[in-house]
Amino acid sequence: MLLVALVTILTLTLLLYITYRKKRLPGPWNLPIIGYIHKLDPVAPYLTLTKLAQKYGPVYGIKLGLMDVAVIADGKILKKVLAKNETIERPPLYMLNTVFQGKGIVYTSGHVWKNHRKLVANFFKMTGANKFSPNKKSCEALIEKYVDEFIQVVTTQGDYIVRDPWELVTRYVTSVASTLLQGKPFSWDDENFLVLRKNLDVVGELSAPGTPLNFLPFLRFLPQFKEKVNSLKVALRKIREIQSKLIDDCRKSTSDFSSNLIEIFLLQISKDNKDMYDLDQLPYLVYDLYMAFTTAPISYIMWIFLHMAQHEDIQDKVRQELLEVGQGKKIEMNDLANLHYTKATIAEVGRISTTGPLGFPHYASQDICVEGFHIAKGTTIMPLLWGIHMDPNVWKNPEEFRPERFLTDDGKFYKPEAFVPFQSGKRICVGDEITITIASILIARVLQNFKLGCVDSSPIDFTGVCGITFNSKPQEILFTKI
Ligand code: HEM
């Protein structure tokens, strides 16, 4: 009798173990408490995680601190995972929670997220920053105005200019963003602009999805990490002070632009939508959009400049297309649809210098199963965009810069399924279209006016610095007037 009971218990335990193992994602061995954090490359964690994908496959499990993380390194599977209602939420990561405070749009869930997402869609429509908007023309004029300023600044400096384009790119993107968000651009010497930019960069660097403080919040009690958390809080306070002032200014004065985010938000509140929109949320929403609208596009456009300077042959092909499509005129917004090689080149930059190498995290609020991979409730989902964009099984010689990957046989631009710089699903980036528009028009107009090149034939440094975005290192390029 005892023997039968023992055998039954053993068999049941074995069955449970086999079922559990079957359901567990493959992955490396993790240490108690810290998990795999100690093995991540502190400068380039996306490289360590990409190597693990080569060993354990496109979906694997890893522990970061006490948190279960499902790393997804396959574009098709990522799309299926992010299409599910059970993966809409964000995980409780310490630094990201500190930044976003559960308010606004980027790091919220439930009705707060839904309402703000709706409002932001309306914002893009009203401001014309969306191709189906009736106000498209005013947004186009705005972008063209700042492109002209960019060209003029470089032109007036002479026929051969060596400079780091970062400041000019930052001014360009910020002018478009601040006009759409708060109704006015910053003036070039506005102290607020400088303080805001500096502190946004501090926040971006300290709150990267891969930072150990996100997964091991108790580290904040150690002096070295305590300092980082304090710096983050100081930077956030400075940003919020400036943004509160901007919101007040926007409420008091008339704006330069027909509508802007702050006005649209206040209008919603005045229109009996008090249950949906709470005035306390406004600074957070402005912060989210300001941060997203500037940080990532600045980084992306900087990489475009650097790749163009390095690959003069590709730059010439883009210029040839601009000549054919533009026929000697300035390239305008409505030319963009015909610039297939230019769009392919911009996409190739987004692949090879992925703006967000670790993606932006999601959270499994329930157990899910995709393509045979079981992701348990409570798991953080990390879309490993770097790994997806550099997978040699999908992209032949992924280290090679080759825009033709994004062209069909008859030379038309297309997006392969494994190209996901903006992720996908219900939370897909709301700024994908405006980013590509502002990047394309700027680069087209710059290449119509200048040849870009490396200074003294020294190759460009493409190693970059990984924070919340993957940024290029400061470096100069040569602008030669055509
Ligand atoms: C190079 C440019 C950009 C890149 C690579 C980028 C990338 C991303 C990614 C990967 C996400 C996460 C999506 C997800 O959770 O599944 C995201 C979300 C978001 N992006 Fe962008 N983005 C860029 C530009 C912009 C711009 C110009 C805006 C303009 C306002 C913007 C606004 C947002 C917002 C509000 C979210 C949160 C959406 C939500 O949680 O529902 N982004 N972006």
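Predicted model: local features only at pLDDT ≥ 70, side-chain atom pairs only at ≥ 80, totals over all residues.
User: Why is Asn397 called exposed?

Analyst: Asn397 has 9 other C-beta atoms within 10 Å. The limit for exposed is 12 or fewer, so Asn397 is exposed. Asn397 sits in the loop between helix H15 (385–389) and H16. Its phi is near 45 degrees, a positive value in a residue other than glycine.

User: What makes Glu371 exposed?

Analyst: For Glu371 the count is 11 other C-beta atoms within 10 Å. With the limit at 12 or fewer, Glu371 is therefore exposed. Glu371 lies in the loop between strand S5 (368–370) and strand S6 (373–375). The phi of Glu371 is near 50 degrees, again positive in a residue other than glycine.

User: How do you know whether Met382 is buried or exposed?

Analyst: Around Met382 there are 25 other C-beta atoms within 10 Å. Buried requires 20 or more, so Met382 is buried. Met382 belongs to strand S7 (residues 380–383).

User: What does Met382 touch, not counting residues up to four places away in sequence?

Analyst: Met382 touches Val69, Ala70, Val71, Ile72, Leu358, Gly359 and Pro361. Take Val71: in sequence Met382 and Val71 are 311 residues apart, yet from C-alpha to C-alpha they are 4.8 Å apart in space.

User: Why is H6 called roughly antiparallel to H7?

Analyst: Helix H6 (residues 136–155) packs against helix H7 (residues 166–182) at an angle of about 160 degrees, and their axes are 10 Å apart. An angle over 145 degrees counts as roughly antiparallel, so H6 is roughly antiparallel to H7. Their contact is made by Leu142, Ile143, Tyr146, Phe150 and Val153 of H6, together with Leu168, Tyr172, Ser175, Val176 and Thr179 of H7. By class, the residues of this contact are eight nonpolar, two polar and no charged. The crossing of the two helices is right-handed.

User: Which residues come nearest to the ligand?

Analyst: There are 27 residues around the ligand, and Ala292, Ala296, Gln423, Cys429 and Gly431 come nearest. Helix H5 (110–127), helix H12 (282–310) and helix H16 (432–449) are the elements that give two or more residues to this shell. H12 supplies the largest share, seven residues.

Technical notes:
Residues numbered from 1 in each chain as written. Near = placed C-beta within 6 Å. Helix = DSSP H or I, 4+ residues; strand = E, 2+ residues; numbered from the N terminus. Axes fitted to C-alpha atoms, helices over the stretch in contact; angles between N-to-C directions. Parallel < 35°, antiparallel > 145°, perpendicular 65-115°, else oblique. Left-handed = near helix turned anticlockwise from the far one by under 90°. Contact = placed C-beta atoms within 7 Å. Nonpolar A, V, L, I, M, F, W, Y, C, P; charged D, E, K, R; others polar.
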